[in-house]
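Could you walk me through this protein model in plain words? I'd like a short report that I can follow with the structure open beside me.

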Amino acid sequence: MQSRMQNPAFILPDAMQPIQQLFKAVNAGGVDSQTLELVHLRVSQINGCSSCVDAGTKTARKAGVSEERLATVVAWRETPYFTEEERAALELAEAATRLADRADAVSDEVWDRAATYFDEKQLAAIVLMIGVTNLFNRLNATTRQIAGAWG
């Protein structure tokens, strides 16, 4: 397996720094790091981004996410290993990633459930994490970045 090119964010010199600033802002948003890592991993699974799933699993593990939870985040609805807050964040992540799957992509019910557990600043962090993850998934999948190639 071979990538088509280096990740575009590394080729254009002015692209990576703003993306890193977004991640910094996300991490300052008051959301538990494990929740953010689970959101990143789930979005990457949906998009089939092997590079981000690989990297996301590693960073989630470093954040303290258990092997049990890593193995079952793909089936979070059917497992007892996630808190209600995490479930709300994962549901929001799925809806915001699968925008074209339904007319009301992120329904009021999904949003309101997340807003039950997270304040506006935290919601902003989660939505930004979803967006940045989707950005990286699209960059990596399009250019066929190789899982594990980023160290």
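## Salt bridges

Search the whole structure and you'll find eight salt bridges. A salt bridge here is a side-chain nitrogen of Lys or Arg within 4 Å of a carboxyl oxygen of Asp or Glu. Keep in mind that this is a predicted model, where local features need pLDDT of at least 70 and side-chain atom pairs count only at pLDDT 80 or more, while totals for chains, interfaces and linings use all residues. Residues are numbered from 1 along each chain as its sequence is written, and side-chain values use heavy atoms, with hydrogens and water left out.

Let's look at Arg 77 and Glu 94, one of these pairs: their closest N and O atoms sit 2.7 Å apart. Arg 77 is in the loop between helix H5 (67–72) and helix H6 (84–97), and Glu 94 is in helix H6, so this pair ties together parts that are 17 residues apart in sequence. Helices are DSSP runs of H or I with at least four residues, numbered from the N terminus.

Another pair is Glu 84 with Arg 87, where the closest N and O atoms are 3.8 Å apart. These two are three residues apart in helix H6, which means that about one helical turn separates them. Glu 84 is partly exposed at 47%, but Arg 87 is buried at 14%.

## Two helices side by side

How do helix H3 (residues 33–47) and helix H4 (residues 50–62) cross? Their axes come within 9 Å and cross at roughly 160°. That makes H3 roughly antiparallel to H4, a label for angles over 145 degrees. The axes are lines fitted to C-alpha atoms, for helices over the stretch in contact, and angles run from 0 to 180 degrees between N-to-C directions.

## A nonpolar patch

Met 5, Ile 11 and Leu 12 make a nonpolar surface patch of about 270 Å². Patch residues have over 30% relative accessible area and no salt bridge; like charges are joined within 9 Å, and nonpolar side chains (Val, Leu, Ile, Met, Phe, Trp, Tyr) within 5 Å. The areas come from the Shrake-Rupley method with a 1.4 Å probe, and for residues only the protein chains shown count as cover.

Ile 11 sits in helix H1 (residues 8–11) and is partly exposed, at 39% relative accessibility.

## Two more spots to check

Arg 144 has a positive phi of about 55°, although it isn't a glycine. You'll find Arg 144 in the segment after helix H8 (120–143), partly exposed at 45%.

Lys 24, in helix H2 (residues 16–27), is exposed, with a relative accessible area of 58%. The C-alpha atoms of Lys 24 and Ala 125 are separated by 9.9 Å, with the two residues 101 residues apart along the chain.

Definitions and conventions. Buried means under 20% relative accessible area, exposed over 50%, partly exposed in between (1.4 Å probe, protein chains only). Angles under 35 degrees count as roughly parallel, over 145 as roughly antiparallel, 65 to 115 as roughly perpendicular and the rest as oblique.
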